Number of protein chains: 2
Amino acid sequence: MIMNRLPDKTVERLSQYRRTLNNQLAKGKTHIFSHEIANLLHITPVQVRRDIMLIGYSGTLRKGYDIKEMIELIGTIIDTDQGVKIAVIGMGNLGKAFIHYMYEKQTKLKIVAAFDINPDKIDKTYEDVYCYHLDRLEEIIKELGIGIAIIATPPEVASPLADRLKEAGIRGILNYTPRPLSPREGVYLEEHDMITSLEKVAYFVKA
Amino acid sequence: MIMNRLPDKTVERLSQYRRTLNNQLAKGKTHIFSHEIANLLHITPVQVRRDIMLIGYSGTLRKGYDIKEMIELIGTIIDTDQGVKIAVIGMGNLGKAFIHYMYEKQTKLKIVAAFDINPDKIDKTYEDVYCYHLDRLEEIIKELGIGIAIIATPPEVASPLADRLKEAGIRGILNYTPRPLSPREGVYLEEHDMITSLEKVAYFVKA
DNA sequence: ATTTGCCTGTTAATAGAATAACAAGGCAAT
DNA sequence: ATTGCCTTGTTATTCTATTAACAGGCAAAT
C-alpha cells in the first residue's frame with residue numbers, strides 16, 4: 001500500500017486511535033464504528049472516517065472497523081519494524097515524567113538512555129533507564145543506535161545540545177524547552193512549550 | 001482598543017514574543033525589528049508583523065518596535081489585572097515540573113495549590129506550593145479563587161476530575177493526560193499528549 | 001534633490017484542516 | 001420485494017493559518 005505523506009494532524013490522531021483501540025480490544029470488543037471512536041476521543045465521526053480513508057483502510061458496512069486489523073495497520077504506518085530508540089536529556093521532573101509514561105509500555109518506541117550533568121543522577125537507573133553523564137552523549141547515541149532525543153533540560157542549553165545531537169546522528173528532536181530551536185537539516189523537530197499552553201488557557205478563559 | 005478574538009496560533013506566539021522581548025530587554029535593548037524577533041523564534045518576519053498588526057500595535061519605521069511598550073501591550077491582552085490562580089492536580093513528576101517552571105516567575109499566572117491522594121505528598125510544600133488532599137478540591141478552589149486547573153494525574157481519573165472541576169467553578173483546564181476530555185460548557189479546554197508528540201516525531205523521522 | 005535601501009502595515013493568494021454533503025451498500029422489518 | 005435506517009467512503013465547501021506581494025515612509029548616501 002503506497003502512502004503519501006500523511007497530514008500532521010492525522011498522524012497525531014492515529015496515535016490516539018491506536019491507544020483507544022487497544023483499550024477497546026482489551027475490553028473484548030472486536031469491531032467498532034467511526035462514531036464510537038469519535039465519542040471516545042471527542043472528535044467527529046467524519047474526521048475519523050477521513051483519517052481511516054487516508055491510511056487506506058476499509059471497514060465493513062454493518063460491523064464497522066475490525067479493531068485488530070486497524071491497530072496493526074496503524075502500526076505499520078507509524079512504527080518501524082526494528083523500533084526506535086530514544087534518549088531523554090535532562091533528568092529533572094520532566095525527564096522523569098517521560099520515562100515513567102513510557103515505562104513497561106510495550107511499544108516500538110523505547111527510552112534506552114538518559115543524560116544529565118548532576119552527579120547525583122548519573123550512573124543510576126530510573127525505572128530501568130540508565131543515566132549517563134552528558135559528556136558521553138555522542139558515544140552512547142552511536143553505541144546504542146539512538147534515533148530520537150527528548151530535550152528536557154534548562155532552556156539555555158537547548159540550542160547547543162541540538163547541534164551536538166544532529167552531529168551525533170539523531171534524526172528527530174522533541175523539544176520541551178521554552179526556547180524554540182532552529183530547524184536543522186535532516187532532523188525532524190517537534191516542540192512544545194508548557195508555559196505557552198498555560199498562557200493560552202488564561203487568554204481564552206479571559207476572552 | 002477594541003480587540004476581536006485573536007487566532008489561536010497568534011495567542012500562542014504572543015506568549016513567546018513576550019518572553020523573548022523580556023530577554024532582550026534584560027540585555028539592554030530598547031527597540032527591535034520584526035526580523036530580529038523572527039530569528040529568535042525561528043519563524044518568519046511577516047508572521048511577526050501580522051501578529052503585531054492583529055493586536056493593534058505599531059512600530060516606528062526606522063527603529064522597529066519599542067520592546068517595553070510591546071511587552072506591556074501583550075500583558076493587557078493575555079493577562080488579567082488581578083492575575084489568575086492555578087491549581088496543579090497530581091503531584092507526580094509532571095505536576096512538579098509545572099510547579100518548578102512557574103517558580104519565582106513573577107507573572108500574573110500563579111500556581112497556588114496542588115492536590116494529590118498520596119499521603120506522602122499531602123500537607124507538604126513543593127517550591128512554595130502547598131499540597132492538599134484531593135478530597136478538599138472544591139473547598140480550596142473556592143476559598144482561594146482558583147480559575148485554572150492543570151490535570152497531571154493518571155489518565156483514568158481525568159474525566160471525573162474534570163466534572164468536579166467544572167462544578168467547583170474552574171474556567172479553564174489544561175489536560176496533560178493522554179485521555180482526551182469532552183468539552184464542557186463554559187470551561188476552556190486545552191490538551192497535550194506527550195506520547196502522541198513522541199509518536200509523531202517517530203513517524204516523520206521514518207517518512 | 002534624488003535615489004537607494006530597508007523598514008512597516010496591509011491586502012491578496014495559497015496551503016492545510018475541519019466540516020458538510022451526499023452517493024452507495026446492506027441488513028432488518030414490513 | 002420494497003422501504004427505511006444506519007453505516008461507510010469520498011467529494012465539495014468552509015474555515016483557519018501561513019505565506020507572498022506590494023504600497024508607503026523615512027533616513028542615509030549620492
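Two residues count as being in contact when they have heavy atoms within 4.5 Å of each other. Keep that in mind for chain A of this predicted model: among its contacts between residues at least 6 apart in sequence, 56% join residues at least 24 apart. The secondary structure of chain A comes to 8 helices and 9 strands, and its C-alpha trace spans about 60 × 45 × 35 Å along the principal axes. Of the 207 residues in chain A, 50% are buried.

Now bring in the second chain. Chain A can be superposed on chain B by a rotation of 180° with 0.0 Å of shift along the axis, and the RMSD is 0.0 Å. The two copies are thus related as by a two-fold rotation axis. Both copies use the same surface, since 100% of the contact residues of chain A recur in chain B. If you want to find the axis on your screen, go to N93(A): of the residues of chain A, its C-alpha comes closest to the axis, at 2.4 Å.

Helix α5 of chain A covers residues 93-102, and F98(A) is found in it. F98(A) has a relative accessible area of 0%, so it counts as buried, for which the cut-off is under 20%. What does F98(A) touch, leaving out residues up to four places away in sequence? Within chain A the list is V88(A), I111(A), I150(A), L174(A) and Y176(A), and from the other chain come M194(B) and L198(B). Take I111(A) from that list: F98(A) and I111(A) are 13 residues apart in sequence, and 8.8 Å separates them in space, C-alpha to C-alpha.

Is R18(B) buried or exposed? It counts as buried, because its relative accessibility is 10% and the cut-off is under 20%. Not counting residues up to four places away in sequence, R18(B) touches E199(A) from the other chain, along with I71(B), I74(B), G75(B), I78(B) and D79(B) from its own.

Staying in chain B, have a look at strand β8 (residues 172-175), where N175(B) lies. N175(B) is buried, with a relative accessible area of 0%. Its side chain makes a polar contact with the side chain of E191(B), at 2.7 Å. Beyond its neighbours within four places in sequence, N175(B) is in contact with I151(B), A158(B), P180(B), L181(B), L189(B), E190(B), E191(B) and H192(B).

Most residues other than glycine have a negative phi. H42(A) is not a glycine, yet it has a positive phi of about 60°. H42(A) lies in the loop between α2 (34-41) and α3 (45-54) of chain A, and it is partly exposed, with a relative accessible area of 33%. In chain B, D123(B) also has a positive phi without being a glycine, with a value near 65°. D123(B) sits in the loop between β4 (109-116) and β5 (125-126), and it counts as partly exposed at 48% relative accessibility.

How values were computed:
Residues numbered from 1 in each chain as written. Chains lettered and ligands numbered in written order. Predicted model: local features only at pLDDT ≥ 70, side-chain atom pairs only at ≥ 80, totals over all residues. Heavy atoms only, no water. Helix = DSSP H or I, 4+ residues; strand = E, 2+ residues; numbered from the N terminus. Buried < 20%, exposed > 50% of the residue type's maximum accessible area, 1.4 Å probe, protein only. Polar contact = N/O pair within 3.5 Å; in protein donor to acceptor, adjacent residues only side chain to side chain. Least-squares fit on C-alpha atoms with pLDDT ≥ 70 in both.
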